[in-house]
Every structure is written in structure tokens, then in C-alpha cells.
Amino acid sequence: MAESARVAVGSVEVSVDHLIGGERVASAGTFECRSPLDWDHKLADVSRGDASTAERAVSAAVDGFDTWSALPVRERAAALRRLGDLIETSNDDIALVETLDMGFLHRSMRERLVARGALNFRFYADMAEAHDEPRWPARGTAHTVQRMPAGPAVVITPWNAPFMLATWKVAPALAAGNSVVLKPAEWSPLSASLLADLTVGAGLPPGAFNLVQGIGSEVGAALTADPRVRRVSFTGSPETARHIGAAAAANIVPFTAELGGKGPLIVFADCDLEAAVEQAAAQYEDSGQVCLAGTRLLVEASILDDFLEALRVRTEAHVLGDSRDDSTTIAPMVHPDHLARVEGFVERARAAGDTVVWGGRRRADSLHYELTLIEPASNDSEIVQREVFGPVLTIQAFATEAEAVDLANSTRYGLSAIVYTGSADRAERVGAAVRAGIVWTNTFLVRDLAAPFGGCGLSGIGREGGDHALDFHSDLKTLILADNTTA
Ligand code: NAD
């Protein structure tokens with residue numbers, strides 16, 4: 001591999017350059033990467049890719065696709081398993097870099113999320129190997145369905161949970177036999193660079209995995225516009241999805257879009273109240289920068305006062321602090337601009353007559369926004385209808401199950417919902433009536449990787465997870481052989 005500019009991020013050396021065709025490649029321009037834990041501290045000047053970088057990366061991915069897709073599935077799976085092993089052995093480095101770069105709680109990264117990244121590669125290695133080509137007889141023929149690797153895939157990720165999301169999206173693309181160009185978000189680009197190093201270490205052939213750093217509207221747009229790209233896998237905001245969808249449409253390229261959420265957390269009077277309150281308070285974690293969070297608390301009127309009092313106590317027990325400190329439960333926000341955006345939502349809510357029950361201001365000495373609860377004047381309030389992506393929950397009371405379902409379904413989003421109830425019948429009814437890609441009852445975030453994952457409405461297009469992602473990254477082909485075909 002060519003020498004690349006590396007900077008020390010904490011105790012970890014991180015390349016600030018792209019990885020293209022197995023080589024580190026620098027751009028003349030750079031963008032600044034700062035730490036949410038100490039905004040005055042510049043972590044790195046990262047290569048700022050442009051249209052020529054995108055062109056070069058897609059060319060490398062075209063070549064890489066020829067080599068990678070031609071390998072037997074078991075060899076590709078073995079390389080992905082090696083990558084999983086390397087992620088595991090690099091656990092502490094990845095966790096530290098992600099914490100410094102994005103602000104993620106170090107404990108969560110160290111104990112859960114890096115391991116989940118390794119699991120993503122192992123899981124898709126198993127899935128690819130286990131796949132049988134469906135075969136059936138019909139009208140004097142044998143039908144067989146094959147998955148053909150689709151070609152180079154562009155994967156574009158957001159700034160929240162950057163490492164976990166990159167591995168979740170890259171793993172099925174590679175497992176399906178596609179080459180990849182990954183473009184991470186410019187607010188948290190560094191853990192993707194560690195992943196790039198590990199793909200080389202795992203022996204992926206040059207060009208099978210490529211990393212391009214830079215600004216979305218610049219190099220991101222150039223990547224998605226390239227007609228040689230055969231799949232675009234995107235996670236981010238609906239606004240960006242519109243641009244990416246237009247570029248994909250121009251090239252007749254399938255794309256998936258995993259977008260924002262405005263999930264309800266519905267609390268029925270028959271539930272385990274303590275567990276429901278604990279779950280509601282947990283929605284503040286990661287400063288609410290979680291697409292799946294249940295940010296709209298819908299509580300049965302008869303228990304509203306008890307719920308509110310218990311939630312206040314539980315919220316006050318949260319510790320806003322430095323993400324490296326294991327006693328911290330709430331990390332700072334990723335970027336001053338995002339903090340200002342969250343602040344803007346709350347100021348507009350106040351001005352519109354919504355009631356700030358607690359919180360509602362920024363901290364003076366860090367990028368934290370106070371944990372906030374808002375009682376909206378109306379279900380049409382902006383704070384109820386738009387994704388804030390910060391530590392801001394709303395609370396509304398309902399009288400009947402039907403009203404709870406109506407409120408749950410009253411936004412344009414449909415990513416996830418959480419229900420707390422003591423009744424299995426109710427769980428089934430409400431689960432069936434809520435429009436969302438996933439509904440958890442009496443639990444949250446537990447999900448088998450084989451399950452479909454994605455949203456309805458503004459929350460996205462397509463499904464990731466299990467076979468769904470492998471199908472997306474493949475072109476399905478039906479082979480039909482007449483029974484009388486002789487050897
Ligand atoms: P964003 O849409 O601003 O950016 C996402 C990525 O797109 C970044 O890498 C960015 O550089 C790139 N990009 C921006 N403009 C582009 C363009 N014109 N062409 C190509 N790429 C472009 O989103 P964000 O602020 O980074 O992420 C937050 C959003 O992501 C929230 O809405 C959140 O809910 C959503 N999200 C969804 C999921 C999910 O699984 N559904 C998971 C995490 C985050």
C-alpha cells in the first residue's frame with residue numbers, strides 16, 4: 001500500500017486519505033474534522049474528494065468487481081470472516097476513534113457496537129454461503145433462480161453510528177459479490193478509514209472495497225451520478241435521499257434509502273410502568289441522535305401523572321458528560337451546527353405555544369443540549385411532526401387504543417414504534433395497526449439480523465437485513481431448462 005498521511009487520534013494512527021484500488025490516495029483539498037468532546041481540538045484535516053476522485057474510485061471498483069465477483073462464494077466468505085476477526089482485534093482502537101470523532105459513548109462502542117460491526121461481516125459471510133438456488137419443475141422444464149452480483153455499489157452513510165452503519169451496509173454488498181465505494185459522512189469520517197485498513201489486512205483484492213472521503217454534495221453527488229455504479233445504498237436524511245434518488249433514476253439504478261424516524265412510544269395503562277418509564281428515559285441516550293428512537297411519548301391518560309413523575313426522576317438520573325467517562329450516560333451532540341438545529345426546533349416550539357416541561361436549553365460548557373420534554377399545543381406542532389434528532393421528546397395523552405394508533409400513525413414517517421402493554425392481544429392488534437417497518441413490544445433495539453429493516457413513508461425505500469439486502473445487491477436471473485435437454 002502507498003504511504004498515506006496518518007494522524008494520531010488519541011493513541012490510534014488514522015489515515016486521512018481515500019483508499020482507491022488498494023492504494024491510499026490524497027486530495028489536494030481537505031476538510032476539518034473536530035471532536036465533539038472538545039470542539040477547539042482539531043482531530044484531522046481529511047482528504048476532500050472531488051469529481052476526479054469519484055471517477056477514479058468508480059474505475060477501481062469496476063476493476064475490483066471483476067476480480068471479487070469471480071471468486072467462489074466460499075473464498076469471499078472467508079475474506080469477510082477474516083475482516084470480522086480483524087475488527088474484533090481492533091475493537092479498542094475503533095471504539096476510541098469513534099468516540100473522539102463522533103462523540104459516541106465509549107462504553108457502548110467498546111462493549112457492543114464494534115462487536116456488532118464484526119458480526120455484520122460474519123453474518124453475511126454465512127448468509128452468502130448458505131444460499132441455495134431455488135429450483136422447481138414447471139411445464140416440462142426445470143426453473144432455477146440465480147443471484148448475479150450487480151456490479152459496483154456506492155454506499156453512503158450518515159454521521160451517527162458511523163462504524164456500525166458502514167459495516168451493516170458494506171457487508172451484504174461484498175457478500176453478494178459487488179465491489180464497494182464507501183462515502184462516510186464528513187462529520188465523522190475517521191472510523192471508516194480504520195475499516196479500509198482492515199479490508200486490506202483481510203486480503204480483499206484491490207478495488208473490492210474503496211473509501212472516498214469528502215463532502216456529500218461534492219464527491220457524494222459525483223459518485224451517485226456515475227452510470228457505471230449499479231447499486232446505491234444510502235442511509236441519511238430524506239432531503240439527501242431526494243438528490244440520490246434523482247441521480248439513481250437518471251441511470252436506472254436501484255437504490256435503498258434508510259431515512260429518518262419520528263417513532264411513537266405508546267404506553268398503555270396495563271403495562272409494567274417501571275419498565276416503560278425506563279425505556280422512555282432511554283430514548284434520550286446518544287443525545288437522541290438515533291433514527292429508531294421513540295421520541296413521541298403517547299401515554300394513556302389514566303397513568304399520565306404517575307408516568308410523568310417517574311420519568312422526571314429517571315431523566316434527572318442521566319449524566320451528561322464526557323463520552324470517555326463510563327459514568328456518563330448522555331454524550332454531547334456531534335457538531336455545533338446540529339446543536340443549533342435542535343435549539344431552533346425548541347425555540348420555534350416555544351414560540352408556537354408548545355409547553356417545555358423540562359430542559360429546553362443548551363449547556364454552556366459543552367455540546368450538550370439539556371434533556372427536554374415538550375407537551376405540544378397540538379398534534380400538528382412542528383415538534384411532533386418533524387424529526388429533531390436530538391434529546392427532545394414530546395408527550396401526549398390518549399384515552400383509547402384507537403386514539404393511540406391514530407396518533408402513532410399521524411406523521412409522514414414510519415420507521416419504528418415501541419409499545420408497552422401487559423396484554424398479548426393488544427400487542428397483536430396495535431402491532432398490526434401501526435404503520436412502521438418495525439414494532440417492538442415491551443422491548444427495544446433487539447433484532448435478529450435476518451429480519452427485514454427499513455421504513456415506510458418518509459422513513460425510506462427498500463429493506464436491508466438478511467436476504468433482503470443480498471437480493472438488493474444482486475440481479476436475479478431465472479434459468480429455464482427443458483426436461484428433454486440431453487447431456
Ligand atoms: P445527510 O442526509 O445529511 O447525510 C448522509 C450522507 O449523505 C453523508 O455521507 C453526506 O455526505 C451524504 N450526502 C449529502 N448530500 C449528498 C448528495 N447530494 N449526494 C450524495 N451524498 C450526499 O444525513 P445525516 O445528517 O448525516 O444523518 C442523519 C439522518 O440519517 C437522520 O435523518 C437520521 O434519522 C438518518 N438515519 C437513518 C437511519 C436508518 O437506518 N433509517 C440510521 C441512521 C441515521
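**A hairpin to start from**

Select β7 and β8 together: these strands pair in the antiparallel sense over 4 bridges. The model is a predicted one, and residue numbers count from 1 along the chain as its sequence is written. Within this pair, display Trp 136, which stands opposite His 143 in β8. Next, move to the turn of the hairpin, where 2 residues lie between the strands and Arg 139 takes a positive phi near 45°.

Thr 141 stands opposite Ala 482 in β24, and Pro 149 has Ser 474 of β24 as its bridge partner. When side chains are displayed here, a general rule may be kept in mind: in a regular strand the side chains alternate between the two faces of the sheet.

**The sheet of seven strands**

Hide the previous selection and colour the strands from β14 to β21. Among them is an open sheet of 7 strands, in the order β16-β17-β18-β15-β14-β20-β21, with mixed pairing. Which strands form its edges? They are β16 (355-358) and β21 (438-441), each of which pairs on one side only. On average, with direction ignored, neighbouring strands of this sheet are turned by 25° against each other.

- β16 and β17 (residues 372-375) pair in the antiparallel sense over 3 bridges; here Val 356 stands opposite Ile 374 in β17.
- β17 and β18 (residues 392-398) run parallel and are joined by 3 bridges; in this pair, Leu 373 stands opposite Leu 393 in β18.
- β14 (residues 263-267) and β20 (residues 416-420) also run parallel, with 3 bridges between them; Leu 265 stands opposite Ile 418 in β20.

**The ligand and its shell**

Centre the view on the ligand and select the residues around it. How many residues surround the ligand? There are 29, and the closest are Lys 183, Glu 186, Ser 237, Thr 240 and Glu 387. By class, the residues of the shell divide into 14 nonpolar, 11 polar and 4 charged.

Colour the secondary structure around the ligand. At least two residues of the shell come from each of α7 (216-225), β12 (231-235) and α8 (238-250). α7 gives the most, with 4 residues.

Next, draw distances from the oxygen atoms of the ligand. A polar side-chain atom of Ser 237 lies 2.6 Å from one oxygen atom of the ligand. For Thr 240, an N or O atom in the side chain is likewise 2.6 Å from an oxygen atom of the ligand. At Thr 157 the backbone provides the atom: a backbone N or O atom lies 2.7 Å from an oxygen atom of the ligand. Of the 850 Å² of accessible area that the ligand has on its own, the protein covers 88%.

**The whole chain**

Finally, zoom out and show the entire chain as a cartoon. The chain contains 15 helices and 24 strands. Its radius of gyration is 23 Å, close to the 23 Å that the globule rule gives for 487 residues, so the chain is as compact as a globular protein of that length. Along the principal axes, the C-alpha trace spans about 75 × 65 × 40 Å.

Key. This is a predicted model: local features need pLDDT of at least 70, side-chain atom pairs count only at pLDDT 80 or more; totals for chains, interfaces and linings use all residues. Side-chain values use heavy atoms; hydrogens and water are left out. A residue is near a molecule or strand if one of its heavy atoms lies within 4 Å of it. A polar contact is a pair of N or O atoms within 3.5 Å; within protein, one must be able to donate a hydrogen and the other to accept it, and residues adjacent in sequence count only if both atoms are side-chain atoms. Accessible areas come from the Shrake-Rupley method with a 1.4 Å probe; for residues, only the protein chains shown count as cover. Ala, Val, Leu, Ile, Met, Phe, Trp, Tyr, Cys and Pro count as nonpolar, Asp, Glu, Lys and Arg as charged, and the others, Gly among them, as polar. Two strands pair if DSSP finds at least two bridges between them. The radius of gyration is taken over C-alpha atoms; the globule rule is 2.2 Å times the number of residues to the power 0.38. Axes are lines fitted to C-alpha atoms, for helices over the stretch in contact, and angles run from 0 to 180 degrees between N-to-C directions.
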